[in-house]
Amino acid sequence: MKFLIAEDEHDLQKSIVTYLERDGNICEVASDFREASEKVAIYDYDVIVLDINLVTGSGLEILKSLKKEKKKAGVIIISANNSLTDKLEGLDLGADDYITKPFHLAELNSRIKAVLRRGKYGGDEIIEFNEIKINTKSRTAYINNKAVLLTKKEYDLLLFFISNKERVLSKEIIAEHLWGDDSDLLDNFDFIYVHINNLRKKLTKEGAKYIKTAYGSGYKFIDE
């Protein structure tokens, strides 16, 4: 999963990133209103953790922009303010959840997982596509109830494909999803080819032949 942590308290920002990256997630950060605005305009995220009181502006304005542009990211608002007015305004604007400082990182993580389940998978921890079954809680995949051993990148790639089935995904989009900001440092897409080919081999071995090459465009996960 790919997250944006828009938080101007650097210690808290670092703690959140460290905690979420333990599960193999990609975390990008924004430390002020301008940086957060630029990133949500350019990139797509699974969940955005958004501080209402960013040092140079209001996170609620960013939330308004996200909804205006019809971005699909889940949004969790965090704030030092335990104001009912702030909470209701954020939820009315389309935020998925609200958490007040100080909070335990485990609670934030649970809320993020709940937002992901509600937004992408209708609340389910088990995602199914024909004979493929994914347990998002344990981060495990099965084909015809047989466990398939995947690396972290292969698991994230499979979940990304299934979440975007029938859609052509360019190499740039895949790289940005798997590596976040670091994708800009890649000299070429050889790593993408390796991960996709390895995942395709593992799926094909079990009879799940869904990853198709869209020549000149990227890849597509489709049931033909």
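User: What do β12 and β13 form, and how many residues lie between them?
Analyst: β12 and β13 form a hairpin, with three residues between them. G216 sits in the turn and has a positive phi of about 80°. Keep in mind that this is a predicted model, where local features need pLDDT of at least 70, side-chain atom pairs count only at pLDDT 80 or more, and totals for chains, interfaces and linings use all residues. Residues are numbered from 1 along each chain as its sequence is written, and side-chain values use heavy atoms, with hydrogens and water left out.

User: How many bridges join β12 to β13?
Analyst: Four, and the two strands run antiparallel. Two strands count as paired if DSSP finds at least two bridges between them. Strands and helices here are DSSP runs, numbered from the N terminus: E with at least two residues for strands, H or I with at least four for helices. β13 covers residues 218–221, and its G218 stands opposite A214.

User: Which strands make up the open sheet, and in what order?
Analyst: The order is β8-β9-β10-β11, four strands with antiparallel pairing. β8 (126–129) and β11 stand at the edges with a single partner strand each, so one side of each is left without a neighbour in the sheet. On average, neighbouring strands of this sheet are turned by 30° against each other, direction ignored.

User: How many bridges hold β10 and β11 in their pairing?
Analyst: Three, in the antiparallel sense.

User: Switching to helices. Which strands does α6 lie across?
Analyst: α6 lies across β8, β9 and β10, running at about 115° to β9. Angles like this run from 0 to 180 degrees between N-to-C directions, with axes as lines fitted to C-alpha atoms, for helices over the stretch in contact.

User: How many of the residues of α6 are buried?
Analyst: Nine of the 12, so α6 is largely enclosed by the rest of the structure. Buried means under 20% relative accessible area, exposed means over 50%, and partly exposed is in between (1.4 Å probe, protein chains only). The buried set is E154, Y155, D156, L157, L158, L159, F160, F161 and I162.

User: And what span should α6 have at 1.5 Å a residue?
Analyst: It should span 16 Å, and the end C-alpha atoms of α6 are 16 Å apart, which agrees. The expected span is 1.5 Å times one less than the number of residues.

User: What does L158 touch?
Analyst: L158, in helix α6, touches I132, I134, A141, L150, L199, L203 and F221, leaving aside residues up to four places away in sequence. A contact here means heavy atoms within 4.5 Å. L158 counts as buried at 1% relative accessibility. Its C-alpha is 7.6 Å from that of L199, although L158 and L199 are 41 residues apart in sequence.

User: At what angle do α6 and α8 pack?
Analyst: About 75°, with their axes 10 Å apart. That makes α6 roughly perpendicular to α8, a label for angles of 65 to 115 degrees (under 35 is roughly parallel, over 145 roughly antiparallel, and the rest oblique). K153, E154, L157, L158 and F161 of α6 make the contact with H195, I196, N198, L199, K202 and L203 of α8.

User: Now charges. How many salt bridges are there?
Analyst: The structure holds 12, each being a side-chain nitrogen of Lys or Arg within 4 Å of a carboxyl oxygen of Asp or Glu. E7, E9, D51 and K101 are linked in a network of them.

User: Which residue does D156 pair with?
Analyst: D156 forms a salt bridge with R139, with the closest N and O atoms 3.1 Å apart. D156 lies in α6 and R139 in the loop between β9 (132–135) and β10 (140–143), so the pair ties together parts that are 17 residues apart in sequence. D156 is buried at 6%, whereas R139 is partly exposed at 24%.

User: Where do E206 and K146 sit?
Analyst: E206 is in the loop between α8 (190–205) and β12 (211–214), while K146 is in strand β11 (residues 146–148), 60 residues apart. The closest N and O atoms of their salt bridge are 3.4 Å apart. K146 is partly exposed, with a relative accessible area of 47%.

User: And which helix holds R111 and E107?
Analyst: Both lie in helix α5 (residues 105–121), four residues apart, about one turn of the helix.
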